[in-house]
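Here's a quick briefing for anyone opening this structure for the very first time. Have a look at the picture, then read on.

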Amino acid sequence: LKPLKSRTNSFTHLAQYPVTDYDISMLFDSNVTWTDIHDAIMGKKKAGALLQDASFVDEYHGKQIPAGKKSVTIRLTIGSEEKTLTSQEIENAANQVMKKLRKTIGAELRTQ
């Protein structure tokens with residue numbers, strides 16, 4: 001018999017304080033890519049200190065979406081390593097992301 005190399009085990013601490021997933025749906029020009037959106041949120045200057053991650057959920061084109069636009073749903077992971085966040089702090093963090101997307105890419109909040 002020939003022994004196999006042992007697998008490498010790794011350990012990640014559980015978060016001391018809870019994190020929250022917060023979904024937003026925004027309208028973007030059809031030519032905007034997920035990379036553009038992600039870079040605007042998580043790039044060199046992150047869209048907020050409490051923002052831990054942003055991930056793609058869904059892209060939609062349909063009757064409710066204006067021509068030349070697409071709706072992208074983004075899941076924001078928001079949390080603090082120092083305390084449990086209030087609902088107002090979570091809302092403020094999400095609003096910072098939406099504001100940055102409006103300013104850098106011209107996104108609009110989807111209302112329909």
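**Helices on a sheet**

Let's start with helix α2 (residues 87-105), which lies across β1, β2, β3 and β4 and runs at about 20° to β1. Helices (H or I, at least four residues) and strands (E, at least two) are DSSP runs, numbered from the N terminus. Keep in mind that this is a predicted model: local features need pLDDT of at least 70, side-chain atom pairs count only at pLDDT 80 or more, and totals for chains, interfaces and linings use all residues. Residues are numbered from 1 along each chain as its sequence is written, and side-chain values use heavy atoms, with hydrogens and water left out.

**The sheet**

- Four strands make up an open sheet in the order β2-β3-β1-β4, with antiparallel pairing (two strands pair if DSSP finds at least two bridges between them).
- β2 (51-60) and β4 (108-109) stand at the edges with a single partner strand each, so one side of each has no neighbour in the sheet.
- β2 and β3 (residues 69-78) run antiparallel and are joined by eight bridges.
- Across from Ala54 you'll find Leu76 in β3.
- Helix α1 (residues 34-42) packs on the sheet and touches β1 (20-29), β2 and β3; contact means heavy atoms within 4.5 Å.
- The direction of α1 makes about 155° with that of β2 (axes are lines fitted to C-alpha atoms, for helices over the stretch in contact, and angles run from 0 to 180 degrees between N-to-C directions).

**Where the helices meet**

- The axes of α1 and α2 come within 9 Å and cross at roughly 125°.
- That makes α1 oblique to α2 (under 35 degrees is roughly parallel, over 145 roughly antiparallel, 65 to 115 roughly perpendicular and the rest oblique).
- Asp36, Ile37, Ala40 and Ile41 in α1 meet Val97, Lys100, Leu101, Thr104 and Ile105 in α2.

**The aromatic pair**

- The structure holds one aromatic pair: Trp34 and Phe56, edge-to-face, 5.7 Å centre to centre with 65° between the planes.
- Rings of Phe, Tyr and Trp (its six-membered ring) pair if their centres lie within 6.5 Å; planes under 30 degrees apart count as stacked, over 60 as edge-to-face and the rest as tilted.
- Trp34 sits in helix α1 and Phe56 in strand β2, so the pair ties together parts 22 residues apart in sequence.
- Trp34 is partly exposed, at 27% relative accessible area (buried means under 20%, exposed over 50%, partly exposed in between, with a 1.4 Å probe and protein chains only).
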